[in-house]
Amino acid sequence: MFGSLRLAKISSAGLRFRKCCRKSSSVAELHSRKLVEVSGPQSGKLLQGLFTNDINSLSGTHTALYTHLLNVRGRIMFDNIVYRVNDDEYLIEVDNSLVSKFLKFVSMYNIRSKAKIAVRDEPVYASFIPQSSLLDGGYVDPRLPLLGCRHIGTPPDRATTVSASEYDRHRVALGVSEGAHDISSGKDFPFEHNLDFLNGVSFSKGCYIGQELTARTHHVGETRKRVVPVKLSEQVEDGQISLPARVSLGSRAAGKLLSTYGDIGLAVLRFPYLEQELSIKDSHVKLVGSKPAWWPEDIR
């Protein structure tokens, strides 16, 4: 076995604090993410009926919320971060390649609400790998504090600019999926992508699209496979492995590899196959999946 990822334990406390970027942070412009503005007196009501999380829990101008938008079969259509501007205006972070699809989807439910929906031009930045004293500004990532912060429009001025691929490796090492590169729109289930562990769902807010299956899965507790970070036996180039790829231990199916980022990646694996060297279909490359340290202690 060639080893596994080692991740530090964290706390989810303090998600609403404004202090984000630190002196030794790296910052990357996320070209894969786009902002969509939803505004108007009924904008909050519209979003509350669409998203898995409780839009009404947002308060203040520096609060962000992680959420999914599902289809009627309870499968992920879009992964989003919602930023509250005020009571009548929200900015929604969407995968850049899915913006047109997102606009069409939301517009189907906007007949009565009559909210205004528009694409914004401001770039989205992520600051991460914090090392020292706190600075003001930005939104603490609502999924995990170790992911760092989001910044809209302009990056923090005391951070080192790096490529988006460096942020992706930081995120993937933590075992967090994001966007169309990791999530198959209309196919994947939210708990497989750890929505419940990443502060992305409310079980008390009431109805939303796809709620019935999501709530039933939660109460029955039958999520037997989840996205985890994996260590690959060698560097993998884009297109080298046809993804998603079946992962197995001998003749036994263990899950599927979703995405690769050099010598690491993300895979949906069944729990019994964690920390074991697994084979990838039609590839000589091997992988080992690890349980992220930020998962609840009772998940095995």
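A residue is termed buried when its relative accessible area is under 20%, exposed when over 50%, and partly exposed in between (1.4 Å probe, protein chains only). By this criterion, 51% of the 300 residues of the protein chain are buried. The model is predicted: local features need pLDDT of at least 70, side-chain atom pairs count only at pLDDT 80 or more, and totals for chains, interfaces and linings use all residues. Residues are numbered from 1 along each chain as its sequence is written, and side-chain values use heavy atoms, with hydrogens and water left out.

The protein chain contains 4 helices and 15 strands, defined as DSSP runs (helices: H or I, at least four residues; strands: E, at least two) numbered from the N terminus. With contact defined as heavy atoms within 4.5 Å, 73% of the contacts between residues at least 6 apart in sequence join residues at least 24 apart.

Phe 105 lies in helix α2 (residues 99–108). Phe 105 counts as buried because its relative accessibility is 10%. Residues up to four places away in sequence not being counted, Phe 105 touches Leu 69, Leu 70, Asn 71, Met 77, Phe 78 and Ile 209. Met 77 is 28 residues from Phe 105 along the chain, and their C-alpha atoms are separated by 9.1 Å.

Val 72, by contrast, is exposed, because its relative accessible area is 70%. Val 72 is located in the loop between β3 (64–70) and β4 (76–86).
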